[in-house]
Amino acid sequence: ISLFIKSDGADHWDCESLHAHTQYSSKSQLIRSSQKDEYYQTFLRNSANEAFQTIAGSKRWLDWRKEIELLSDIIYYGLTTFSGYQTLGEEYVSIIQVDPTKRQIPSRARRGLFILCNALLPYLLDKVLVSLENELEGGQESRTGISRRQAASGQWSLEYCLRRWTERTVGLLSEPQRRACLPAVFVLRQGLTLLHRLHVALFYISGSFYHLSRRVAGIRYLRVMGLNSDDGTIRSSYRLLGFVSLLQLLLTLCLQLNNFRQRQRARQEWKLYRNLSPQRTQSSSPRAASCILCLEERRHSTSTPCGHLFCWECITEWCNTKAECPLCREKFQPHRLVYLRNYS
């Protein structure tokens, strides 16, 4: 950026100097920049998670893990993009952000919109959709478990506000409307992931925006000096990768539809089993076993490969960040967790 000659404003560069020292960024440069940013974001998230877990303990870390990751992303982009500096990934490949005119760097409003769409909006959408799905499923047992997890955050937390809002909203729906809305919420959750993959595939074929958030904000990239290595052979390879990604996306969509049907059938079987034997879920012992992560009565007991038992929600949340047993630290993959049915 220091190569440019400023003209009349802080966010405006001399047009001749800009085109003399820059070229359009290639797909490979955008991908390498994104991968480098993801690496440093992951490092920052892990460091923040470890620090918070050490200070506040595992129970509160499980309650606030997603908020810590959100804060880490906002700090990363706040200290770089929003402050008018290159991110570490952009500096790595020597590219700079420009607005749609390609004659000046993006305004603070555009940079703020990018951070909003890249970090805050996905977090809020995930919270709202998960809360709606849990409320639409309607099981009293699931409500009790979620309420216990949210009680630690207090009535001022986002979890509590969303829970109250979804209870009021879903309470206005009839039972047939609930059954119709539940598949729609599930499809919307999966559709957001598929939309991102579709956008990446179209970027490989022909595009200049690697992220949806940058497309919304209208932020493009120019390369500072150097040669553009994105020749015809590389472009053809990216187009081939894009078509393969579209084929894979189509296969994934078919598998998702099949999994959705199986999930609906399993939910109906579970409701039937719970109605036939409602007393089997209650513990007959005077003191039920507790989970060491949430320090509450263990719900939906789940075993790790080393034999330790936890709540299903607690151990899956733990494994999303650390693929190891919280007690003995034995390493294992999350798919090796065993959900114990009919366990008392």
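Me: In what order do the three strands of the open sheet lie, and is their pairing parallel or antiparallel?

Reply: Good place to start, and do keep in mind that this is a predicted model. The order is E5-E4-E6, and the pairing is antiparallel. At the edges are E5 and strand E6 (338-339), each of which pairs on one side only.

Me: How many bridges link strand E4 (residues 301-303) to E6?

Reply: Two bridges, in the antiparallel sense.

Me: Which residues meet where H3 packs on H11?

Reply: From H3 come Ser58, Trp61, Leu62 and Arg65, and from H11 come Cys314, Glu317 and Trp318. Sorted by class, this contact has four nonpolar, one polar and two charged residues.

Me: Which residues touch the most other members in the largest nonpolar core?

Reply: Cys291, Leu293, Cys314 and Trp318 do, in a core of 15 residues. Two or more residues each come from helix H3 (58-79), strand E5 (309-311) and helix H11 (312-319). H11 gives the most, with four residues.

Me: What does tryptophan 318 touch, leaving aside residues up to four places away in sequence?

Reply: Quite a list: Gln53, Ser58, Trp61, Leu62, Leu293, Glu324, Cys325, Pro326 and Arg329. Among them, Ser58, Trp61 and Leu62 belong to the H3 side of the helix contact.

Me: Which residues does the second, separate core include?

Reply: Leu30, Ile31, Tyr221 and Tyr238 are included in that core of 10 residues.

Me: And stepping back, how many helices and strands does the protein have?

Reply: The secondary structure comes to 11 helices and six strands. Of the 344 residues, 35% count as buried. For contacts between residues at least 6 apart in sequence, 66% join residues at least 24 apart.

Note on methods: Residues numbered from 1 in each chain as written. Predicted model: local features only at pLDDT ≥ 70, side-chain atom pairs only at ≥ 80, totals over all residues. Heavy atoms only, no water. Core = buried A, V, L, I, M, F, W, Y, C linked by side-chain atoms within 4.5 Å. Buried < 20%, exposed > 50% of the residue type's maximum accessible area, 1.4 Å probe, protein only. Contact = heavy atoms within 4.5 Å. Pairing = 2+ DSSP bridges. Nonpolar A, V, L, I, M, F, W, Y, C, P; charged D, E, K, R; others polar.
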